[in-house]
Amino acid sequence: MKIFPVRGGIHPDYRKDLTCEKAIVPMPMPQKLYLPLQQHIGAPADPVVGAGDLVKKGQLLARAQGAVSASTHAPTSGRIAEVALITAPHPSGLPQLTIVIEPDGKDEWAELPAPVADPFAASSQEIRERVAAAGIVGLGGATFPSAVKLNLGSQNKLETLLINGAECEPYLTCDDRVMREYSAEVIDGARIMAHALGTPKIVVGIEENKPQAIAAMTQAASAFSNITVVGVPVQYPMGSERHLTQAITGLETPAKKLTAELGVVVHNVGTARAVHHAIRYSRPLLSRVVTVSGGAITEGKNIDVPLGTLVSDLVAFCGGLKEPPRRIVNGGPMMGQPLPSLEVPVVKGTSGILALTADEVNERDTKPCIRCGGCVTICPCGLVPVEMAAFIRKDNLDGAAKLGVMDCFSCGSCSYVCPSHIPLVHFFNYAKGRLNDADRERRKLERIKMLAETRNTRVEQQAQAKKAAAAAAAAARKAAAAAASENPENKASV
Amino acid sequence: MLIAVGSLVAMGATLGTVLGIASRYLAVEGNPLEAELLALLPGAQCGQCGFVGCGQAAAALARGEAPVTLCPPGGKAVAEKLSKKLGVKADLSEHEDKGPQFAFVQEDLCIGCLRCANECSTDAFVGAPKQVHTVIRENCHGCAKCFKVCPTEAIKMCAVPVTLGEWHWDKPGSHELH
């Protein structure tokens, strides 16, 4: 299969050898599980349990609300200790409503609905409903509700389901291990998703630095003529949806459009496996594979972690920390976000936990820009980071928006190559946040204006009605007075 | 000499006539800048700027009689937009931006007098006479008119809390400046 070139990108030191030969091990059930109501993009889920309730494994804890949302289920049986505000696994350290479960150690399953007998005879609608009921979100890290993404076939003509096994972030090996150990499950999940989407072709894209995964997936896919497994060049950020699509189809996704408009839908390998579990066994998403790595970790591992496990429990399971880490990162080192503390839970979008030493973080002072143009050459989106950052530094956000800062997906390649260590991607994250704020403010202002106008019209109408009523009353009085003066004897007789 | 005077008089007469006609037929009614400025203001007619409503404030801005920082609920964002539209450099560093706010009714103090509900220009209050009132937060833009009329000080103005979805990173290096 022909692979098309993708512009820009970098070749960081991958350091995947720390954990790539470590088979996935299950995490022993911790003392407590913390399940935030928002582990996905969209509206937070609505809790259906309260403190003191007894729940079984797989039971619904919080129901999806609105069009874009995802449900959460109990990863084990136990008692709900509380539903409280707990620090979110987010760099802000802000609290979030979280359901806390005390496991009872029995790990008793709730009664699950019967699995779909033949998924390939089932309707697309039924598969989507099952996937939504299982609370599955994109496990690559974006955490977009998968059922919504499986509905893209209704508005677009789709050609290809692209299964993303690129895993271009350094350190992370969870997708690599899933593909090696559960290749049949991934392929089955992908076939079910392709059936729901109505795509004739399935392509599995894997970076060439994972030969064992390519071999395993090729073997698992050999029975199906519509599935192709391809190796894609080792080039960060190949795992980005748009860039992988470009490498496979040669088509560039236009700004502010979806890959679906090119006929391609991209799902992560972990998501495919979760769909397999949801459809074949009716099992909701209760755990995910997490890579724990980094120089400060005693022993890096790939672990099948129940959702809601504290990062501190995970680190303890890996033998603790050898040295105090300079930074704890949630996700990969390029796009991952620092964690405020170890006392935050693993959620659906946690692909890795990295405890990085000062050497690995390699913080250096920012120096003036030497205008080498390195960031322009490597930007995989074809943007001009140096110019955008100059605008943002002077708070000219509209200028940066004109240059396309909203099309930046924060891959961090520009910050990585900058010889002056300018925190370019940090500037863009800040600008994107401010521009989103401004957009929200604009929408609010429109709403306020509309409300004020509605009120004004109402007040005017009321005033007019009052005037009309007063005039009518006055006229009636006048008429009555006139009538009375005409027939004074009548009045006297009354 | 006569030719020069004659031609100048002729030119003056012609151009004068043309300008006279043009001023009658191409006249601009009102100041178009006013309408543009009005579109930038919140339009809630809260009157905190000291003018009767947003229309009067826009007129004063167009005449250059009011500072661009006049609108408290609009905050820094509106001030920035106004200064851009008017092409004036406003010193926004001194402008105290309290950030977005909303009104909150402390239920134990509310006597249900409805004054706040009558004052509110966006119908953000829910309440009936002698019943506790409350504010629909999405409809409140923090103009604080209700706060001023409440006889029992039951209303407090709170900062809109930052949520996980709205949080964003600070500007790089901004910590070092402060």
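This tour goes through a predicted model, from a helix of chain A to its cores and then to chain B. Local features need pLDDT of at least 70 and side-chain atom pairs count only at pLDDT 80 or more, while totals for chains, interfaces and linings use all residues. Residues are numbered from 1 along each chain as its sequence is written, with chains lettered from A and ligands numbered from 1 in the order in which they are written.

Select residues 424–486 of chain A. This is helix α14, with 63 residues; helices are DSSP runs of H or I, at least four residues, numbered from the N terminus. From first C-alpha to last, α14(A) reaches 92 Å, close to the 93 Å expected at 1.5 Å a residue. Its buried residues include Phe427(A), Phe428(A), Leu445(A) and Ala452(A) (buried: 20 or more other C-beta atoms within 10 Å of its own, C-beta atoms being placed from the backbone). Show α10 (374–378) and α13 (413–417) of chain A next, which are among the elements covering them.

Now centre on Leu314(A). With Met193(A) and Met217(A), Leu314(A) has the most contacts inside the largest nonpolar core, which has 104 residues (a core is a set of buried Ala, Val, Leu, Ile, Met, Phe, Trp, Tyr and Cys residues joined through C-beta atoms within 7 Å). Helix α4 (183–197) of chain A gives the most to this core, 8 residues. A second, separate core of 20 residues includes Cys375(A) and Phe428(A).

Finally, select chain B. Its domain assignment gives domain 1 (32–86) and domain 2 (101–159), the bounds coming from an automatic or database assignment. Their centres, taken over C-alpha atoms, are 25 Å apart.

Definitions and conventions. Helix = DSSP H or I, 4+ residues; strand = E, 2+ residues; numbered from the N terminus. Expected span 1.5 Å × (residues − 1). Buried ≥ 20, exposed ≤ 12 C-beta atoms within 10 Å, placed from the backbone. Contact = placed C-beta atoms within 7 Å.
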